[in-house]
Amino acid sequence: MKTLVMIIHPNINESIVNKRWIEELKKYPENYEIHQLHEKYPDEIIDVKEEQQLIEKYDKIVFQFPFYWFNCPPFFKKWLDEVLTYGWAYGKSSGYKLAGKRIALALSVGVDEKEYSTTGKYKYNLDQLTSPFEITFNYIHANYRPLFAYYGIEQNVSEEWVERSVPLYLNFLEQL
């Protein structure tokens, strides 16, 4: 079954890593369904029913986005608030429509991994900083999986560095 890859990037045309990952995923349409939220909803007015119907079709869902300001892009938060509705995603009569679905995050991260540690500049690792996503997806009975992160975009934008991320990302998706 295909994996749904939800892209949340407010400026994908200026992206380096996320854009490259999308290019690679497009080579495998039998394996990946790419859904770019900013492209689909440039006005950020979400068709909630359409998004819910899309999500229901997949057992594996990855949310791909740049990690900045120690969080997700604001449109992803809006999507979560609007799409994960009571009576559909949670609540005793909801049927928990995402129950058991494998859900993960794929992040491009600006700084080096060592900065996201108890001894690093930011004092917390990405698992800690993304724990609200884990709690959210566990709350709706989804099967939250370990995240994928590719670090250091601010320090290294060489083609070689970007290309090194591609097989790592594909392997992550295959193991989901």
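Reader: Y116 and Y151, are they buried or exposed?

Author: Both Y116 and Y151 are buried. Keep in mind that this is a predicted model.

Reader: How many aromatic pairs are there?

Author: The count comes to 20 aromatic pairs. Take Y116 and Y151: their ring centres are 6.3 Å apart and the planes sit at 45 degrees, so this pair is tilted.

Reader: Why do you call that tilted?

Author: Planes under 30 degrees apart would count as stacked and those over 60 as edge-to-face, with the rest called tilted. At 45 degrees, the planes of Y116 and Y151 make a tilted pair.

Reader: And which parts does that pair tie together?

Author: Y116 is in the loop between β4 (102-109) and α5 (126-129), while Y151 belongs to strand β6 (residues 148-151), so the pair ties together parts that are 35 residues apart in sequence.

Reader: Which rings link up into a cluster?

Author: F63, F65, F76, W79, F133, F137 and Y144 are linked into a cluster by ring pairs.

Reader: OK, on to the core. Which residues have the most contacts inside the largest one?

Author: Those are M6, F63, F65, F76, W79 and F137, in a nonpolar core of 38 residues. Elements giving two or more residues to this core are β1, α3 (48-56), β3 (60-67), α4 (74-83), β4, α6 (131-139) and β6. The largest share, five residues, comes from α4.

Reader: What does W79 touch?

Author: Leaving aside residues up to four places away in sequence, W79 touches M6, L37, I46, E51, I55, F63 and L84.

Reader: What other core lies apart from the largest one?

Author: There's another core of 21 residues, and it includes Y32, F148, Y150 and L173.

Reader: Switching topic: where does T3 lie, and what does it touch?

Author: T3 lies in strand β1 (residues 3-7). Not counting residues up to four places away in sequence, T3 touches N31, Y32, E33, Y58, K60, V62 and L176.

Reader: Buried or exposed, that T3?

Author: T3 has a relative accessible area of 2%, so it counts as buried, the cut-off for that being under 20%.

Reader: Now pockets. What's the volume of the largest pocket?

Author: The largest pocket has a volume of about 380 Å³. Its lining has 18 residues, and F67, Y68, G110, I153 and E154 lie nearest the centre. The elements that give two or more residues to that lining are α1 (17-25), β3 and β4.

Reader: How does the lining of the largest pocket divide up?

Author: The lining of the largest pocket has twelve nonpolar residues, five polar and one charged.

Reader: And the second largest pocket, what lines it?

Author: The second largest pocket has a volume of about 180 Å³. Its lining is F70, N71, C72, K77, L80, D81, L84, L129, P132, F133 and T136, with α4 and α6 as the elements that give two or more residues. By class, that lining has seven nonpolar, two polar and two charged residues.

Reader: Last one: how many cavities of 30 Å³ or more does the structure hold?

Author: The structure holds one cavity of 30 Å³ or more. The largest cavity has a volume of about 40 Å³ and is lined by I7, I8, H9, I12, Q36, H38 and E39. In that lining, three residues are nonpolar, three polar and one charged.

Notes: Residues are numbered from 1 along each chain as its sequence is written. This is a predicted model: local features need pLDDT of at least 70, side-chain atom pairs count only at pLDDT 80 or more; totals for chains, interfaces and linings use all residues. Side-chain values use heavy atoms; hydrogens and water are left out. Helices (H or I, at least four residues) and strands (E, at least two) are DSSP runs, numbered from the N terminus. Buried means under 20% relative accessible area, exposed over 50%, partly exposed in between (1.4 Å probe, protein chains only). Contact means heavy atoms within 4.5 Å. Rings of Phe, Tyr and Trp (its six-membered ring) pair if their centres lie within 6.5 Å; planes under 30 degrees apart count as stacked, over 60 as edge-to-face and the rest as tilted. A nonpolar core is a set of buried Ala, Val, Leu, Ile, Met, Phe, Trp, Tyr and Cys residues joined through side-chain atoms within 4.5 Å. On a 1 Å grid over the protein atoms alone, a cavity is a set of points where a 1.4 Å probe fits but cannot get out, and a pocket is an open set with protein on both sides within 12 Å along at least five of seven lines; lining residues have an atom within 4 Å of a point. Grid points are joined across faces, edges and corners, and a volume is the space filled by probe spheres set on the points. Ala, Val, Leu, Ile, Met, Phe, Trp, Tyr, Cys and Pro count as nonpolar, Asp, Glu, Lys and Arg as charged, and the others, Gly among them, as polar.
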